[in-house]
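I opened my notebook to keep track of what I looked up here. Come along and check each entry against the model as you read.

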Amino acid sequence: MSKLEDYWIESNIGGIKKSGLDSQNSVQIWKCTDKQTEVSAISTYIRQLVATQDYRYKDFLIVARDLSEYASFIESFMENNQVPYFIDLQKKMANHPFKRLIDLLFAIVNRGLQVDDVISLLRTELLIPEAFRDDLQIFRQAVDLTENYVLTNGITKRGWMGKSFKPDVKLDPVVDKIKISEYQLINQIKEFVKNIYSQLEKFLKKAHSSIDSVSFLYNFLEQNHVFDTLLLWQKQATEQKNLTLANQPEQIVSLFNQILDEYISVFGEREFDSKDFIEILDAAFENATYSQIPSTLDAVSISEIGMIQPNNRKVTFVLGSTTNNMPGTTVSNDIVTDDERLFLNGELTDGKYLNEPDEVMNNSEPFLHDITFTTSSQRLIFTYPNFTEDNKQQDLSSYVVRIKNHFRLTEQLVLLNPSSDDQSENEVIRYLGSKASSLNYLIRVSRSALDNKTDLPDAWKYVRGVLLNEEPETSEFALSSLNYQNIPQSLSLDTVEALYGKNINVSISQLETFYMNEYEYFLKYGLRLKPRRLFEITPAQTGSIFHAVLDSLVKYLHQEQGRSLRDMSDGDIQSLVTDLFAAQIDLPENRIFNSSARMQYIADKLKTTLIQLVKNMKLQFLRNSSEPEKSEVTFGRINNKQDLPGLSYQIPGGHLVNVRGKIDRIDEMVLDNITYLTIIDYKSGNKSFDFSQFLDGITMQMPTYIQSVLNNLHLLTDRKNAKVGGALYEHIQNPLITLDRSLINTKSLDDSADIQDSDIQNKIFKEFQLNGLLVNDEELLANIDTQALTKQGKVAKTSPVVKKGSNNVISQEDLFRILNYNDHLIRQAGEKIYSGKLNLNPFRYGQMTGLQYSDYRPIFEFDAMLPENEYHDVINYNKENVIKEIQNILEDGEEDA
């Protein structure tokens, strides 16, 4: 090390003499894959030297220019290799839960019990209700449940201080026993928060002197056992032999008491100001650091370059020896220039000074590193990451390059993933540390061998044998990951029946989910996993309020006998929809729409959208003789309501698939003693019936609705000659119209060309064109829009009321095939569900996939690059090809039967 020091001094003052190291091991350079590889290699190397060469852990020093770059993982790597360590950087007290607690006590009063403040206060675990003091796990569960409840319901101060939290529906004491106990836990937390707030508000909302306020705060903490909890933490840390952690509570309380004493001595009888008090606390805790004590005397020291180190180390590691860190560069953006700084330093007295100018700081770098290079007596090892976190290549420090060239050193390559081609024992030994660390590298090498289709080197086979012999359970489990495939495991028949019951009761949208991704159906409706609900407007909620208002509209028209949309003016429609919307907004389940000015603005936009829709519904009815006959018609039992019998399908194993659903609207049109019933389904998006998606089971809603109506024509109308006319989507929207040349009235020869309101209305009307399936019935097609005529007075092929293209109009025979195939899809889904086989098979159709809007992607871990993970591709067939394919499938099914 003395030769290195001599060279370093000479290289900075001139006159370099030739010299060499007594041992090439005394100065080493490790080129590592990344920062994690650096730390892992160092911890392994230290463990090896301690185990084989009579070193002690206290003989090692690890330094970095900026240790924060390694802070997130250096401790875990040391612990993984079972290397005791001590990080001698000063830790600020500002991050302690006690300081956070004090801030939050004032925050909940000053900010009015905001959810984030309350939950953060509880999670400090320094304020715990008496009922939970002996059971921290139950307390944590109660806080989790409370957080879910308040986030779902948007609880504010009024809610915290009001009556007990209750579910939206009445719970059964037997069936809902678990739910009732959860609400009991939630309300225990609520009452505790209410009590805490009441104590604080009662005092802090009134004017008091500083000494009285500080006394109240201290007594409050004492009465609520905060100091007792800190003592308990100290005891637990001591029992775990974590002296560093054990000393923190005492130091925190000591500092807090000191701050209070000094605060009282300064402010005394002055009126207390909580904002000033918190600012003083912030400043004091921000500048305070813990006095640290190593948990053991024999420990590796981890520090930063520039901190004073003892000279009794034998081996020093310099982390991050790159051009960015060594030498460090100081660039100030201060208002004071370097010349002004020198002048001011000459004028300041009594130990006051400004930092040295940048030039002085930068010139001191060689001296600073000279001190670091000479901290060890035997070895100095430079390590540097070849790549940054964002995969950018890094260069070795110019300081180290000079040393490398002078002493003719060779860089040693340390890989994140050892190569399976390395056969030499020395290469293998480099990666052997603790059992856990060695197992980590064994798995990496084994994976490399599998990927390269080569045999595992004998040395690594020996390591595997030792690990399997000494740690069989852990090693077998970890090594099994090499053969892991992202394939769901099949369920036993007993498990399937326990999850779904003897019979499956489903909505058709649930079966569509099954065909979108079978595994998602299992998670959502088998395990009943749900994402956390938040107090926010969701598409489902806006859809519900749209449906509720439109349902109320139809029911209103029926109550007012003889009233029709055709007879109502736009003003009447606007007034009626406004009233119906207001009635829905006032319901408890829609309280979010009145929770803030922003939510009220969104509600107003939703109302405007509905008004626009209903006005255009009126225009549609004016062009034919249809009337909205039924609304929100349920088939199968939904919320204890049933208008029509559900659809039931027998499948093998004695199981039934019972399908339920709700039809948004059924319109009735009577033509020559024939009654045509048309199903209307409201959609917030521009929807059409996609035959390709239907073939793969992704769009089954409309055929199922048609089947339900066909089965129950006698219940839906008293007329004898009733038919299903079709099933159409109605787009709920407030369309944005682009003003283009087609809207400009240029009939006039003067310059007063203008835009006519009727032209704009016609363009808006076309945006509400119904889309879906229509039965190829000449009478129906001729009368569904009586105003869509050619110049010769014949029925036009197009209509602004409904799309009548080749993909929309189907024959009775094709409709029969579609309905039979829909039955086939429902039975097939039921059979697959009861088979217990789980497939991770999200659909892919053009740019759409079954993963795009799924809440379960973190569980799927689907990766199309893996051979076992494949999309279920939906082929874009045309209508004719789909009908042919359906016919073939149905004919094959008859032959199999």
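**Entry 1: an open sheet.** I began with three strands that form an open sheet in the order β19-β18-β20, with mixed pairing. I count two strands as paired if DSSP finds at least two bridges between them. My helices (H or I, at least four residues) and strands (E, at least two) are DSSP runs, numbered from the N terminus. Which strands stand at the edges? They are β19 (848–849) and β20 (872–873); each has a single partner strand, so one side of each is left without a neighbour in the sheet. I then followed β18 (residues 843–845), which pairs with β19 in the antiparallel sense over two bridges. Opposite Met848 in β19 I found Tyr845.

**A note on the model.** I am reading a predicted model, in which local features need pLDDT of at least 70 and side-chain atom pairs count only at pLDDT 80 or more, while totals for chains, interfaces and linings use all residues. Residues are numbered from 1 along each chain as its sequence is written, and side-chain values use heavy atoms, with hydrogens and water left out.

**Entry 2: strand β4.** Is β4 (residues 300–304) enclosed or open? Five of its five residues are buried, so the strand is largely enclosed by the rest of the structure. For me, buried means under 20% relative accessible area, with exposed over 50% and partly exposed in between (1.4 Å probe, protein chains only). Val300, Ile302 and Glu304 point one way from β4, and Ser301 and Ser303 point the other way.

I looked up its partners next. Strand β2 (residues 60–64) runs parallel to β4 and is joined to it by four bridges; Ile62 has Ile302 as its bridge partner there. Strand β3 (residues 85–87) also pairs with β4 in the parallel sense, over three bridges, and Tyr85 stands opposite Val300.

**Entry 3: cavities.** How many cavities of 30 Å³ or more does a search of the whole structure find? It finds three. I worked on a 1 Å grid over the protein atoms alone: a cavity is a set of points where a 1.4 Å probe fits but cannot get out, a pocket is an open set with protein on both sides within 12 Å along at least five of seven lines, and lining residues have an atom within 4 Å of a point. Grid points are joined across faces, edges and corners, and a volume is the space filled by probe spheres set on the points.

The largest cavity holds about 120 Å³ of space. The elements giving two or more residues to its lining are α27 (597–622), β11 (655–671) and β12 (674–683). Its lining residues include Arg665, Asp667 and Thr678, and by class they are six nonpolar, four polar and two charged. I count Ala, Val, Leu, Ile, Met, Phe, Trp, Tyr, Cys and Pro as nonpolar, Asp, Glu, Lys and Arg as charged, and the others, Gly among them, as polar.

The second largest cavity has about 60 Å³ of space. Its lining takes its largest share, three residues, from α24.

Entry 4: Of its 21 lining residues, Tyr45, Gln48, Asn426, Ile429 and Arg430 are the closest to its centre. Helix α2 supplies the largest share of the lining, eight residues.
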